[in-house]
Amino acid sequence: MKTRILYSVIAVLLISLGARAQSVGTTGFEFLRNQYSPRGAAMGGNLVAVPGDIQAVMYNPAALSGNTLRQWSVSYVDHLLDFQAGHLAYGQPVKNFGNVSAGLVYFNYGSFNETDANGDRTGRTFGASEFAFMLGLSNTLGSGFDYGIGLKFIYSSLDNYNASGVAIDGGLLYSIKALDDLKLGVSLLNLGTTIDNYTDYREKLPTLLQIGLAKRLAHLPLLLTGSLNDLTANESNVWDRFKKFSVGGEFDVSEMIRFRLGYQNDINRSIKPVGRTVFGGFSLGLGIVWRQFRIDYAYSNFGDLGSQNRLGIMGSL
């Protein structure tokens, strides 16, 4: 049974390699690309190969495999242009079944003033928001392999109009014991279709293929991570896809304090036409562990576009 599951997950990931390339901005439900985890954002989006964290399920649905505790997480994102976003998640082990999880991400664009054909305000306002509800399952396959699968229902509303879609996620984690538990991870996110659309044009979902690694150093309290992001993106040169990389690290300052630092090269590249990029793509953050809780903060720099702040709390039961 486990072998069949492994083959199924690998097959889904291989299908994505032949999927039609896409560009940022050419798909619907772009809010699915955002990072909602403060820990992940502070480390440059590098939780693809980090196990045992409920927030990592957004990067790789296999992340909770083997976890023995119930976990919950709440996070808030102060986005660019004063948009608001957040994430709720819960996961727990189920005997003889694996770890199950449920989550909700939302993105609120705020209120807008309605105008007529001449650009004059009518006195009416309207809102726009999006959310995705997720269910997931992860378990071990043996021989160092863990797998995860997820299902998403996606909804978007703009005034009195709406759109929706469904998608699946798949991921694998592999631990290399001979290299002191070096972790390798691969995930395929948002593979699906729209149900309802705003127009007659059927939009695509922002499918993401990511490959990452994570290594905790043996003689230093430091977790190093790296990943290749958005490998299905449309690029004129195929090697440009490998420029969408990110690196990060988490240093245990003490038993209570974690310092995090990250860099996303794809963000740095994307803001070059806008202005200065000296610190664009860099992020940093803190994690404070107290009893069964962890409080996380992350700051992400987008050059002249501004910055993002994320705050979250995670707990175990």
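How many cavities of 30 Å³ or more does the structure hold? The structure holds one, as point 4 sets out.

1. This is a predicted model, in which local features need pLDDT of at least 70 and side-chain atom pairs count only at pLDDT 80 or more, while totals for chains, interfaces and linings use all residues. Residues are numbered from 1 along each chain as its sequence is written, and side-chain values use heavy atoms, with hydrogens and water left out.

2. The chain has three helices and 14 strands, taken as DSSP runs (H or I, at least four residues, for helices; E, at least two, for strands) and numbered from the N terminus. Of its 317 residues, 47% are buried, that is, under 20% relative accessible area with a 1.4 Å probe, protein chains only.

3. About 30 Å³ of space lies in the largest cavity, a cavity being a set of points on a 1 Å grid over the protein atoms alone where a 1.4 Å probe fits but cannot get out, with lining residues having an atom within 4 Å of a point; the volume is the space filled by probe spheres set on the points, which are joined across faces, edges and corners. Its lining includes Gln264, Ile267 and Phe302, and strands S12 (282-290) and S13 (293-301) each supply at least two of the lining residues.

Terms used:
Buried < 20%, exposed > 50% of the residue type's maximum accessible area, 1.4 Å probe, protein only. 1 Å grid on protein atoms, 1.4 Å probe; cavity = no way out; pocket = protein on both sides within 12 Å on 5 of 7 lines; lining within 4 Å.
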